[in-house]
Structure formats: C-alpha cells, structure tokens
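Dear colleague,

Please find the structure below, handed over for your own work. My notes on what was found in it follow directly after.

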Amino acid sequence: MKVDFGGAGDILFEQVGRAGIVTLSRPASLNAINHSMVSALARALSAWESDNAVERVIIRGEGRAFSAGGDILDVYRAGLEGRASPDFFADEYRLNAAIARFPKPYIALIDGIVMGGGVGVSFHGSHRVMTENAVFAMPEVGIGFFPDVGGSHLLSRLPGELGMYLALTGNRIRRGDACAAGLATHSVDAGSLAALTKALCDADNVDGTLSSFGVAAEPELNEGIRHAIARHFSFESLAEILESLSQDQDDWARQTLATIEKRSPTSLCVAFRQLRAGAMLEMDECMTMEFRILNRMLAGHDFYEGIRAVLVEKGSTPRWQPETLDEISEDHINAYFAPLTGGELSL
C-alpha cells in the first residue's frame, strides 16, 4: 500500500506487511537528499513510530546509488546571492537525530554509493546492510565543508582511528572494511535484495532474516595499512598526525599525506576537533555542535569555493582561504564551536 508523506515524488513510501518501506527516488541525481525529502521522511518516521502495524522501517535507493549526499547546489546558489540559510541543515540534523533514537528496527539496504547526507539517513539506524556495490565515504573536507549529519558521533566511534582517517582524507571504503569496523552490521549480495526486502516485510525476526541472507566480506585494507592508520591517526593534534605521515617513507603514507594536503585547511582543523569532541558526546550533543559549525561554514569562504571547484567548475583547483594550516589560529577554529547567539539547534 502506497502512503503519501510528501516529498514531490523524490522519496516514496509504502506499507508492506509489517514494514514501512522508504525508497529514495532521484536516480538521475544519485538520490541526493533535498529539503522536501528530509521533511517527508521525518513525517513518515513520526507516523510509523506510533503505528503498531509498522514494526520496522526499510530504506533503500533507486538506481545505481543509495545516496551520493545532500543536494547542496541550492545552498551554494543561495550563499552566493547572500541568502544563505541553515534551515535545510537544521531539519536534516533533526532527522538524523530522530533516526538514531528511532525505537523500531531501521534497516538501510545500501547498494551503491553512500556519502554525506545519504550516510545521515542510513548509518544512524539499527541495521546497516551493504552489498558488494556499496561504497562509503564522508568526503566533505574536499569541498571546504566538514563531516556533518552526525559524522562526529559515527566516525569518532570507529575502531583503530578509521573514522579520523576517513574524515581527514575523504577516502572511500567498501563493505568488507565497513563490516570489520562495525560501520555496517550485515553484508548481502545485491542480487538477493529483492528477496531480502520481501522476507523482511513478513519475518518474525529481523536479525535472523538478515543473517540468513548474509555473506562473508573480507576487508580490502590489509593488516599493514590498518596498523598504519591506527598509528598515524591516533595523535592528539592534527599537526602531529601530519608530521607522523611525513616521517614515514612508505608509499601509502606519502599518498595519504598528499591527499590530506589538497583538502581545505580550515575543514581539516574543524574535522579533527569535531571528531575528538564527538567521541565524548551523545548523538543529540553532536548535532548541536555540528549546527554551530554549520552556521560558521555558511558564513565563510571555503564551502562555496569547494563546491565551485568540485561540483560547478568540475576539475578546477580550489583556492582555500586561509591557504595553509600555518595561517590558522586556535581562536579561528574555536569560533566554529562557540555557542550560537541566535539560538541553538532545537531537537
């Protein structure tokens, strides 16, 4: 049975058996999350939470991606016109927090790319199921932004400093590494998704059903690289991480350092601070912190410059301000985390 919670056809809702099914339906845009989709999903979860006929929620993407992120080009255009508003992000962050506290099984079936805003509507749920096609990344430092949508809570809790590595590089991982880190809870074959979805709509036991479809997925990062990540990214300052990488003559360390050096210096400093802080905060507290950062990013330079270089004039080189880490003071970064005088995010 189809259900209408809005979303202008970009997000679809059904009730099938015991499940509420959400389908991200913007395949031409790789299911990028827009404001109407956020609002519609929030309404659906609010309704289904108190609906005894809906015992679990399944979320999936249409086409070759789960979701490549948030639809930020509208934010970019508004910022250039002096109309930058945090409203979209405020609603998105509220949704992320609502998913994290959702009391019923919330099962994300992740087939294809999942980044940014797509991570926010999937990885805070109770069950994160990845196929062989799934690719996870939080690449925000490459566009002068920061790993938001609860990244401070999610990434800071990954073992072996994998979260810090992902935040500072923006690099991608696949399901084997995601499962090994606990980022994904289950691994299944893409060809079994239709049968799995049908089974989840009727099953008495969600975990048992997922396990019955499960397949092994070996990590792609070898043991040596995992040890290197844990060693280099464990330091208590960004400068020490970069110094450690620079002292290592291994090809992997050199390539990793070269990747980080291309990112926005401001974003790197903010991402490092937010992950170290996020490890000590609950989800709602992380979202409050991220909303503070977001407001300062919208008033800054690098976010718009990064979108211009990466998404608008694709392939051009961003001109970050400040250009180097040496130009960034502690006071400058402190300002991103300071309380908002206009009011904090209400959750």
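In which helix is the place of Val-310? Val-310 belongs to helix 15, which covers residues 302–312, where helices (H or I, at least four residues) and strands (E, at least two) are DSSP runs numbered from the N terminus. This is a predicted model, in which local features need pLDDT of at least 70 and side-chain atom pairs count only at pLDDT 80 or more, while totals for chains, interfaces and linings use all residues. Residues are numbered from 1 along each chain as its sequence is written, and side-chain values use heavy atoms, with hydrogens and water left out.

Val-310 counts as partly exposed because its relative accessibility is 36% (buried means under 20% relative accessible area, exposed over 50%, partly exposed in between, with a 1.4 Å probe and protein chains only).

Turning to the sheet, 7 strands form an open sheet in the order 1-2-3-4-6-8-11 with mixed pairing, two strands being paired if DSSP finds at least two bridges between them. Strand 1 (2–3) and strand 11 (186–187) stand at the edges with a single partner strand each, so one side of each has no neighbour in the sheet. Strand 1 pairs with strand 2 in the antiparallel sense over 2 bridges, and Val-3 stands opposite Phe-13 in strand 2. Strand 2 also pairs with strand 3 (residues 19–24), antiparallel and over 6 bridges, and the two form a hairpin with 2 residues between them, in whose turn Gly-17 has a positive phi of about 60°. By contrast, strand 6 (residues 106–110) and strand 8 (residues 127–130) run parallel, joined by 4 bridges, with Ile-107 opposite His-127.

As for the rings, the whole structure holds 14 aromatic pairs (rings of Phe, Tyr and Trp, the last by its six-membered ring, pair if their centres lie within 6.5 Å; planes under 30 degrees apart count as stacked, over 60 as edge-to-face and the rest as tilted). One of them is the tilted pair of Phe-89 and Phe-145, at 5.9 Å centre to centre and 45° between the planes. Phe-89 lies in helix 3 (residues 87–101) and Phe-145 in the loop between strand 9 (135–137) and helix 5 (151–154), so the pair ties together parts that are 56 residues apart in sequence. Both Phe-89 and Phe-145 are buried.

With kind regards
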